[in-house]
Structure formats: structure tokens, C-alpha cells
Amino acid sequence: MGKIVIQVEHAVKKFKETTALKDVSVNFENGKIYGLVGRNGSGKTVLLKSICGFVPLTSGMIKVDGKVIGKEIEVPENIGIIIEEPGFLPNYSGIQNLKFLAALKGNTDQEKLENVLTLVGLDARSKKKVGKYSMGMRQRLGIAQAIMENPGILILDEPMNGLDEKGVKEIRELLLKLKNEDRTMIIASHNAEDIDILCDEVYEMNGGILGKKVYNL
């Protein structure tokens with residue numbers, strides 16, 4: 001058994017008349033890729049946002065790296081995130097966007113940022129503005145942004161959106177490589193093939209309830 005890095009205990013989230021999370025409890029260990037499946041509105045994205053500290057729980061608790069979200073920390077530091085379509089400054093290039101984001105954390109290592117862009121299949125020296133990017137290119141840039149700080153945890157909601165067949169293959173290979181570096185990943189996807197190829201354990205959400213594992217590879 002690996003080290004537990006994310007603990008979700010009796011998580012409930014209510015939005016007025018709607019209960020998006022209904023007593024969800026689950027642990028996520030390091031060095032594994034977890035799949036999260038379910039229809040739109042099932043609660044997947046709310047659960048991911050709660051783990052990231054973006055959506056406070058109505059009741060229950062989430063711990064990341066042993067610290068309680070919303071009490072001991074607001075947003076986990078050791079986490080890279082793609083939730084919904086990544087937002088970037090459209091009038092700047094990919095590398096410029098990453099520089100702005102990195103500078104917020106006091107990191108301006110040009111070589112490191114160029115290497116991350118290359119890793120996701122983008123031209124680090126391209127001056128093309130992000131507003132001119134295809135959906136697949138924006139998704140690659142979003143993945144670059146998620147991994148640029150070398151986080152131990154990755155939360156990826158539909159990471160293959162907009163990618164062509166070659167891009168999907170490349171990103172799958174990258175995620176498996178990152179897994180072998182002992183990281184923890186939670187991937188929400190509608191693509192059964194992504195789930196089959198990437199995930200060690202798979203959970204299903206339905207109406208705010210986290211079901212038992214669909215399967216364990």
C-alpha cells in the first residue's frame with residue numbers, strides 16, 4: 001500500500017436545493033492514476049474542485065498531504081490542475097503565458113519552462129499568440145501549466161479534450177511517465193480508452209454519490 005496523499009472523509013456539498021456531493025469518502029495513494037467516471041452533473045468536477053480548495057465543503061473534510069483544506073491550508077501547493085478549459089491571455093504566446101504564471105510563484109526559469117512546453121509537444125520558441133491556438137494546442141498548454149512546478153499531485157478534468165490521435169498518444173505516454181515518478185493523478189474522462197490505458201483504479205460518480213471501484217487493474 002502506498003502513502004495516502006489525499007483523504008476525503010464524509011464530504012458533502014450543497015448548492016441551495018442541490019446536493020452535489022453526498023457523503024463521499026475515498027483515499028488516493030501516491031504513484032497511482034485514478035479514474036473518475038460519470039455523466040455530466042454527477043459531481044465529478046465538484047469533487048475535484050473541492051480537493052483543490054476551490055469549492056468549500058458544506059460538511060466533511062478533505063486532507064491533502066496531511067493538511068485540512070479550508071482550515072490548515074486554503075489551496076494545496078503541491079498540486080497541478082486542469083479543470084474545465086484552461087484560461088490564458090490570448091494576446092501573448094505560450095511561453096509568455098507560462099512566464100506570467102511562474103512569476104506569481106517567484107519562478108522565472110526560462111529553460112525549465114521551455115523544456116515543459118517541449119514535453120507537451122509545443123514549440124517553446126513560437127511567437128504565435130494563444131488566441132490563435134487550436135483547442136488541442138490550448139489543452140497542451142494547459143497540461144504544461146499543470147506540470148511546470150513539478151507537482152506531486154495532478155488533478156486533470158478531461159485532459160485529452162481537443163487533442164488529435166497523435167496528441168492523445170503523446171499525452172498518455174507523458175502521464176504514464178509522470179506516474180512512474182511516484183506522482184498521484186486523478187483523471188476525470190468520458191473516454192473509456194483513456195481510463196483503460198491510464199488508470200490503476202476507477203471510481204464512478206452518480207448523483208453526487210461515489211460508487212465502489214469499477215475495477216482495479
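Colleague: Why is Arg-140 called buried?

Modeller: Arg-140 has a relative accessible area of 10%. Buried means under 20%, exposed means over 50%, and partly exposed lies in between, with a 1.4 Å probe and protein chains only. The value of 10% falls under the cut-off, so Arg-140 is buried. Keep in mind that this is a predicted model: local features need pLDDT of at least 70, side-chain atom pairs count only at pLDDT 80 or more, and totals for chains, interfaces and linings use all residues. Residues are numbered from 1 along each chain as its sequence is written, and side-chain values use heavy atoms, with hydrogens and water left out.

Colleague: Where does Arg-140 lie, and what does its side chain reach at 2.7 Å?

Modeller: Arg-140 lies in helix α4. Helices (H or I, at least four residues) and strands (E, at least two) are DSSP runs, numbered from the N terminus. The Arg-140 side chain reaches the backbone oxygen of Val-120 at 2.7 Å. A polar contact is a pair of N or O atoms within 3.5 Å; within protein, one must be able to donate a hydrogen and the other to accept it, and residues adjacent in sequence count only if both atoms are side-chain atoms.

Colleague: Which residues is Arg-140 in contact with?

Modeller: Contact means heavy atoms within 4.5 Å. Leaving aside neighbours within four places in sequence, the partners of Arg-140 include Val-120, Gly-121, Leu-122, Asp-164 and Glu-170.

Colleague: What joins Asp-200 and Lys-179?

Modeller: A polar contact of 2.9 Å between their side chains. Asp-200 sits in the loop between α6 and β9 (201–206).

Colleague: Why does Asp-200 count as buried?

Modeller: Its relative accessibility is 16%. Asp-200 is therefore under the 20% limit, and buried.

Colleague: What makes Lys-132 exposed?

Modeller: Lys-132 has a relative accessible area of 63%. That is over 50%, so Lys-132 is exposed. Lys-132 is found in the loop between α3 (110–119) and α4 (135–147). Pro-90 is 42 residues from Lys-132 in sequence and 7.6 Å away in space, C-alpha to C-alpha.

Colleague: And why is Glu-77 called exposed?

Modeller: Glu-77 has 75% relative accessibility. This is over 50%, so the word applies to Glu-77. Glu-77 is in the loop between β5 and β6 (79–82). Its C-alpha is 9.5 Å from that of Glu-149, 72 residues apart in sequence.

Colleague: Why is Lys-112 called partly exposed?

Modeller: Lys-112 has a relative accessible area of 27%. That value sits between 20% and 50%, so Lys-112 is partly exposed. Lys-112 lies in helix α3. Leaving aside neighbours within four places in sequence, Lys-112 is in contact with Asn-107, Met-148 and Glu-149.

Colleague: What is the phi of Asp-65?

Modeller: Positive, about 50°, although Asp-65 is not a glycine. Asp-65 is in the loop between β4 (59–64) and β5 (67–68). Its relative accessible area is 35%, so Asp-65 is partly exposed.

Colleague: Which residues touch the most other members of the largest nonpolar core?

Modeller: Leu-117, Leu-141 and Leu-175, in a core of 36 residues. A nonpolar core is a set of buried Ala, Val, Leu, Ile, Met, Phe, Trp, Tyr and Cys residues joined through side-chain atoms within 4.5 Å. Elements that each supply at least two residues include β3 (33–37), α2 (94–104) and α5 (165–179). Apart from this core lies another, of 30 residues, among them Val-5, Val-24, Leu-47 and Ile-69.

Colleague: How do you know that Val-12 is buried?

Modeller: Val-12 has a relative accessible area of 15%. That is under 20%, so Val-12 is buried. Val-12 is found in strand β1 (residues 4–15). Not counting residues up to four places away in sequence, Val-12 touches Thr-19, Leu-21, Asp-23, Leu-57, Thr-58 and Ser-59.
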